[in-house]
Amino acid sequence: MSTAITSKLVRYSVSAAAFALAAVAGAGSAFADDSVNTGYFGGVALMGYDTVAYFTEGKAVKGSDEFSYEWLGTPWHFASKEHQEMFMSEPAKYAPQYGGYCAGEVAGSGSVTVNIDPEAFKIIDEKLYLIYDQGNADAFADNATDQIPTADVNWPVVEAKLAVDQPDWDSINNP
């Protein structure tokens with residue numbers, strides 16, 4: 001997995017008030033509640049992949065801007081009107097854990113890898129986890145009972161670091 005991402009900055013729309021509220025409420029839940037991974041250049045959640053399709057079709061399916069919905073200040077694309085409506089009715093149900101960042105990286109080093117592979121995913125206990133590559137996705141799933149609780153603990157710290165307008169990637173990737 002990637003260790004330091006320092007050469008490129010990714011801008012995130014994160015509400016400081018929402019983060020503070022989540023922190024006060026003790027929100028350790030891992031669904032994408034503030035920071036959303038849009039990759040380096042796309043500006044679209046999950047690099048334009050349809051998050052609902054992971055659940056309904058069991059595979060990565062490219063979405064379309066024709067079926068777009070803005071959530072958490074980020075556009076999400078879907079392959080169909082039906083998927084768009086499903087997401088609109090329950091976005092937290094379909095949103096990837098840890099803002100769509102590599103779940104293995106959040107668990108392993110308490111940092112983030114922006115560059116996930118949309119085809120490398122696992123659904124565990126009805127939650128979507130995106131990973132850097134397929135080998136690491138398999139390893140994450142094989143060790144989910146250890147990986148998920150660790151990532152759940154690490155995520156609020158990582159998320160707080162992502163909350164700044166221009167993240168300090170050294171700080172995020174080298175806690």
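Analyst: A residue is buried when its relative accessible area is under 20%, exposed when over 50%, and partly exposed in between (1.4 Å probe, protein chains only). On that scale, buried residues make up 46% of the 175 residues in this chain. The model is predicted: local features need pLDDT of at least 70, side-chain atom pairs count only at pLDDT 80 or more, and totals for chains, interfaces and linings use all residues. Residues are numbered from 1 along each chain as its sequence is written, and side-chain values use heavy atoms, with hydrogens and water left out.

User: How many helices and strands does the chain have?

Analyst: Helices (H or I, at least four residues) and strands (E, at least two) are DSSP runs, numbered from the N terminus. This chain has eight helices and four strands. Read from the N terminus, their order is α-α-β-β-α-α-α-β-β-α-α-α.

User: Which residues of helix H3 are buried?

Analyst: An α-helix has 3.6 residues a turn, so residues three or four places apart point the same way. In H3 (residues 81–89), the buried residues are His83, Gln84 and Phe87. Seen down the helix axis, they fall within an arc of 100 degrees, so they line one face of H3; the arc is taken from the directions from the axis to the C-beta atoms. Glu82 and Ser89, on the other side of H3, are exposed.

User: What do the buried residues of H3 pack against?

Analyst: A contact means heavy atoms within 4.5 Å. The buried residues of H3 pack against helices H2 and H4, strand E1 (64–71) and strand E2 (74–78). Across the chain, among contacts between residues at least 6 apart in sequence, 63% join residues at least 24 apart.

User: How do E1 and E2 run?

Analyst: Two strands pair if DSSP finds at least two bridges between them. E1 and E2 run antiparallel and are joined by five bridges. Ser64 has Phe78, in E2, as its bridge partner. Two residues lie between the strands of this hairpin, where Leu72 takes a positive phi near 55 degrees. Strand E3 (residues 117–124) and strand E4 (residues 127–131) also run antiparallel, with five bridges. There, Asp117 is bridged to Ile131 in E4. The hairpin of E3 and E4 has two residues between the strands, and Asp125 takes a positive phi near 50 degrees.

User: How many aromatic pairs are found?

Analyst: Rings of Phe, Tyr and Trp (its six-membered ring) pair if their centres lie within 6.5 Å; planes under 30 degrees apart are stacked, over 60 edge-to-face, and the rest tilted. The whole structure has eleven such pairs. One of them is the edge-to-face pair of Phe55 and Tyr94, 5.4 Å centre to centre with 80 degrees between the planes. Phe55 is in helix H2 (residues 51–56) and Tyr94 in helix H4 (residues 91–94), so the pair ties together parts 39 residues apart in sequence. Phe55 is partly exposed, at 26% relative accessibility, whereas Tyr94 is buried, at 6%. Elsewhere, Tyr69, Trp71, Trp76, Phe78 and Phe87 form one aromatic cluster.

User: Where does helix H7 bend?

Analyst: The bend at a residue is the angle between axes fitted to the seven residues ending there and the seven starting there. H7 (residues 144–162) bends by about 35 degrees at Asn154, and Pro156 follows within four residues. Asn154 is among the buried residues of H7, which also include Ile148, Trp155 and Leu162. Not counting residues up to four places away in sequence, Asn154 touches Val106, Ala107 and Gly110. A polar atom of the Asn154 side chain lies 3.4 Å from the backbone oxygen of Ala107.

Methods
A polar contact is a pair of N or O atoms within 3.5 Å; within protein, one must be able to donate a hydrogen and the other to accept it, and residues adjacent in sequence count only if both atoms are side-chain atoms.
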